[in-house]
Amino acid sequence: VSSTLFVGWLRSAQLDDADQLLAEQIDVVEEFVANGVVPQIIAPKGIDTVQLQIVGPDRRKLALTEGLASTVRLDVFIPPPVGEQESRTTKASELGAEGSDRYRVMARTVPFGRDWVAIYAATPLRNADQVVRTVVIGLTVMVPLLVLLAGVAAWVLIGRALRPVETMRREVEAIRGTGADQRLSPDQRAEELDRLAATMNDLLERLSESEAIRRQFMAD
């Protein structure tokens with residue numbers, strides 16, 4: 001359960017990082033749009049794994065980055081209302097790209113003059129998926145091993161903890177008759193067992209006294 005929760009958290013954290021990266025790139029493009037400038041070629045700031053497209057209300061590409069964005073469409077879902085943004089995970093085939101990689105796509109709709117435009121940004125999740133895959137493989141190997149080691153350790157520790165109980169059981173089983181001269185070992189390596197041994201020894205003492213009184217009575 002902990003491994004499953006950890007993998008789920010890791011996937012969510014990887015998507016959050018991708019969304020933050022895409023949002024930062026969209027912020028840069030939005031500044032141009034807010035000034036009424038829509039360059040035909042958009043250059044991502046400081047990173048080359050992000051693809052950008054500006055799409056008009058008629059789905060016409062107004063601007064894009066060189067590379068993947070020039071050959072595929074990033075608007076794989078309807079743009080959100082003006083002033084809002086939305087992100088989704090999609091496959092390369094849905095974008096029209098080759099390969100089996102997954103992509104994180106974010107869209108933000110911003111006002112442009114009297115109309116609006118949608119800024120789409122996409123980045124591959126290849127590295128994020130590789131990290132999650134490596135962790136899953138590691139957990140698949142390590143978790144059963146750790147469970148096995150924990151089971152062996154628990155078996156050994158519980159065996160050592162119950163050894164005084166077994167010793168006490170054998171001593172009680174060995175007592176015959178009234179047990180006048182037989183007592184349990186006082187040192188059992190545990191305070192609770194020591195108190196139990198003392199209680200049983202008191203019981204044997206009372207039995208011994210009762211037997212002595214009975215013998216004295218019969219003698220009288």
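On a 1 Å grid over the protein atoms alone, a pocket is an open set of points with protein on both sides within 12 Å along at least five of seven lines, and a cavity is a set of points where a 1.4 Å probe fits but cannot get out; lining residues have an atom within 4 Å of a point. The model is predicted, so local features need pLDDT of at least 70 and side-chain atom pairs count only at pLDDT 80 or more, while totals for chains, interfaces and linings use all residues. Residues are numbered from 1 along each chain as its sequence is written, and side-chain values use heavy atoms, without hydrogens and water.

The lining of the largest pocket consists of Q14, D17, A18, L21, T49, T123, P124, L125, R126, N127 and A128. Its volume, the space filled by probe spheres set on grid points joined across faces, edges and corners, is about 210 Å³. Helices (H or I, at least four residues) and strands (E, at least two) are DSSP runs, numbered from the N terminus. At least two lining residues come from each of α1 (2–34), β5 (115–124) and α3 (126–174). Helix α1 gives the largest share, four residues.

The structure has one cavity of 30 Å³ or more, and the largest cavity has a volume of about 30 Å³. Around the largest cavity lie R11, Q14, L15, R102, L125, A128, D129 and V132. Both α1 and α3 supply at least two residues of this lining.
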